Amino acid sequence: MVISSSGRVFAAVMVGVFALLAGNFAVAASLAQPAEKAVLTISGKIADTNQDGKAVFDRAMLEGLGMTSFVTNTPWYKEPVKFEGVALDRLMNAVGASGDRLVIIALNDYSAELPLADTHKYNVMLALKRDGEYLSVRDKGPLFVVYNFNSDPDLRNQKFYARSVWQIARIEVK
C-alpha cells in the first residue's frame with residue numbers, strides 16, 4: 001500500500017492532535033475530584049485542574065497535600081496561636097501555578113493580593129485549624145492565609161497583616 005505525501009501529513013497531524021488531546025486529559029485528570037463539600041477553588045494561571053479549568057479542593061484534599069504548623073502572635077488574638085494547614089507554596093505547586101501573584105478572595109468578596117514569591121520566602125500557610133480545632137466561618141474559617149509573624153520582625157506590619165485574608169473561598173493566580 002502506498003501512502004501519498006498528503007496522507008502522511010494528515011496522519012502526522014492526527015497523531016499530533018491525539019497527543020495534544022491526551023496531554024490535556026492527563027493534566028485535567030491529575031487532581032482528584034472532591035469527595036466532600038468544596039472549600040476552595042483555584043483559578044487563573046494553573047496547569048493542573050479538576051473542574052472546568054479550575055482546581056477545586058475539599059478539606060481532605062488539602063490535608064492530603066501534607067499539613068504543617070506553627071505558633072505565632074497575631075493582631076487578631078490576644079495570646080499566641082497554633083495554626084495548622086497546608087504550606088501555600090506546596091498548594092501552588094500542586095496546581096502548577098505559573099503566575100507571579102495571588103489574589104485571595106474571601107466569602108464576602110473581600111480580596112487581597114500577595115506575591116507568589118511570599119509563599120516560599122515566608123512559608124505562608126493556608127490554615128485549616130487554630131489551636132487544634134477546625135476554623136469555622138465564625139472564627140475566620142474555613143481557610144485563613146497566615147504568615148508566621150514571629151519568624152521575621154519585618155512581617156509584623158500592616159502590609160503583611162492585610163495579606164492575611166480569612167474566610168477564603170477562592171484564589172486566583174495572576
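How many bridges join strand 4 to strand 7? The structure examined here is a predicted model, in which local features need pLDDT of at least 70, side-chain atom pairs count only at pLDDT 80 or more, and totals for chains, interfaces and linings use all residues. Residues are numbered from 1 along each chain as its sequence is written, and side-chain values use heavy atoms, with hydrogens and water left out.

To return to the opening question, strand 4 and strand 7 (residues 125–130) are joined by five bridges and run antiparallel. Strands here are DSSP runs (E, at least two residues), numbered from the N terminus, and two of them pair if DSSP finds at least two bridges between them. Within this pairing, leucine 126 of strand 7 stands opposite valine 86.

Strand 4 (residues 77–87) also has strand 3 (residues 68–74) as an antiparallel partner, with six bridges between them. Here serine 69 has glutamate 84 in strand 4 as its bridge partner. Two residues lie between strand 3 and strand 4, and the two strands form a hairpin.

Five strands make up an open sheet with mixed pairing, in the order 2-1-10-5-6. Its edges are strand 2 (55–58) and strand 6 (111–115), each of which pairs on one side only. From one strand to the next, the twist averages 20 degrees, with axes being lines fitted to C-alpha atoms and angles running from 0 to 180 degrees between N-to-C directions. Strand 6 pairs with strand 5 (residues 101–106) in the antiparallel sense over five bridges, and proline 115 in strand 6 is the bridge partner of arginine 101.

Note on methods
Helix = DSSP H or I, 4+ residues; strand = E, 2+ residues; numbered from the N terminus.
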